[in-house]
Amino acid sequence: MAGERHRIITIANQKGGVGKTTTAINLATALAAIGERVLIVDLDPQGNASTGLGIDRRDRKLSSYDLMIGERGITEVTLETAVPNLFIVPSTMDLLGVEMEISQQSDRVFKLRKALSSPEAMAFSYILLDCPPSFNLLTMNAMAAAHSVLVPLQCEFFALEGLSQLLETVSQVRRTVNPRLDIQGIVLTMFDARNNLAQQVVNDVRTHLGEKVYHTLIPRNVRVSEAPSYGKPAILYDLKCAGSQAYLQLASEVIQRERQRLAA
């Protein structure tokens, strides 16, 4: 599914602990479950997306580091996961050194875009880029390569403050290196219906950003938290739990937005 229906989505938030990797893993699994061919590129040196999909560190002989420095192509660094239709370019701690290696090169911001422009990469319906929790050269490469950004936002007091910084970053990237970049959507995570503050955050974010915010709320959920320690997406670990059901709904919204974009 190439061309117009091939989409690269960066999952980014400079704040850690907002459910970014959990969203990448479970959104990718939900998309794969309905027949889309999906690739996750793990750009976080911690490698949590790789671990959460059951990729043993000993099997990560090649990684997103090799892709970023241009030594290997997408086919060479891609591994199958236990989820049919879902593949991953794993991460290793080598990524910590990638900025030093490429920082003096004139095309340093476009390394990932170049790597993902091959016919092999274009064969995926969706490529999800799981970024580190900071705005560094890895995140800049992800935004330069992507069609859109999906922002996981924790339902907490400082959520809007951090979001405004991220939206300004997206605007800056659009002005300087990637005019096509837009906001796919903002997904509210770790929602606790018993918490009045969480509901207030939901209301405030919806008031400020309207239709950019997905209708789906990702609840705070024990089963979702447990799943990575078993090397499984929550959707495989416990399909019927509230968190898994929410990620299935989110996948439906993402696809609906892509259909609307194609129809426009």
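Helices, as I use the word, are DSSP runs of H or I with at least four residues, and strands are runs of E with at least two, both numbered from the N terminus. By that rule, Asn 85 sits in the loop between strand S3 (79-80) and strand S4 (86-89).

Before I go on, what we have here is a predicted model, in which local features need pLDDT of at least 70 and side-chain atom pairs count only at pLDDT 80 or more, while totals for chains, interfaces and linings use all residues. Residues are numbered from 1 along each chain as its sequence is written, and side-chain values use heavy atoms, with hydrogens and water left out.

Back to Asn 85. Its phi is near 75°, a positive value in a residue other than glycine. Most residues other than glycine have a negative phi. For accessibility, buried means under 20% relative accessible area, exposed means over 50%, and partly exposed is in between, with a 1.4 Å probe and protein chains only. Asn 85 has a relative accessible area of 34%, so it counts as partly exposed.

Met 190 is another non-glycine residue with a positive phi, near 55°. Met 190 lies in strand S7 and is partly exposed, at 21% relative accessibility.

Next, helix H10. This helix runs over residues 196-209, 14 residues in total, and reaches 20 Å from its first C-alpha to its last. That is close to the 20 Å expected at 1.5 Å a residue, where the expected span is 1.5 Å times one less than the number of residues. Which residues of H10 are buried? They are Ala 198, Val 201, Val 202 and Val 205. Down the axis of H10, these buried residues fall within an arc of 100°, so they line one face of the helix; the arc is taken from the directions from the helix axis to the C-beta atoms. The face turned away from the buried side of H10 carries the exposed residues Asn 196 and Thr 207.

What covers the buried residues of H10? The cover includes strand S6 (148-154), helix H9 (159-176), strand S7 (182-191) and strand S8 (213-219). After H10 comes Gly 210, with a positive phi near 55°.

Now the cores. A nonpolar core is a set of buried Ala, Val, Leu, Ile, Met, Phe, Trp, Tyr and Cys residues joined through side-chain atoms within 4.5 Å. The largest one has 53 residues, and those touching the most other members are Leu 39, Met 68, Leu 112, Leu 116, Ile 127 and Leu 129. Helix H8 (residues 137-145) gives the largest share of this core, seven residues. Contact means heavy atoms within 4.5 Å. Not counting residues up to four places away in sequence, Met 68 touches several residues, among them Leu 43, Leu 95, Lys 111 and Asn 141. There is also a second, separate core of 30 residues, including Ala 30, Ile 55, Val 187 and Ala 251.

His 147 is found in the loop between H8 and S6. Is His 147 buried or exposed? At 13% relative accessibility, His 147 counts as buried. Beyond its neighbours within four places in sequence, the contacts of His 147 include His 6, Ile 8, Leu 181 and Asp 182.

Last, the salt bridges, each a side-chain nitrogen of Lys or Arg within 4 Å of a carboxyl oxygen of Asp or Glu. How many does the structure hold? It holds 10 salt bridges. One of them joins the side chains of Lys 15 and Glu 156, at 3.3 Å, N to O. This pair links distant parts of the chain, 141 residues apart, with Lys 15 in the loop between strand S1 (7-11) and helix H1 (20-33) and Glu 156 in the loop between S6 and H9. Lys 15 is partly exposed, with a relative accessible area of 36%.

Asp 107 pairs with Lys 111 in a salt bridge whose closest N and O atoms are 3.3 Å apart. Asp 107 is partly exposed at 30%, whereas Lys 111 is buried at 14%.

In Glu 258 and Arg 261, the closest N and O atoms are 2.8 Å apart, again in a salt bridge. Both lie in helix H13 (residues 242-263), three residues apart, about one turn of the helix. Glu 258 is buried at 6%, and Arg 261 is partly exposed at 26%. Salt bridges that share partners join Arg 7, Glu 258 and Arg 261 into one network.
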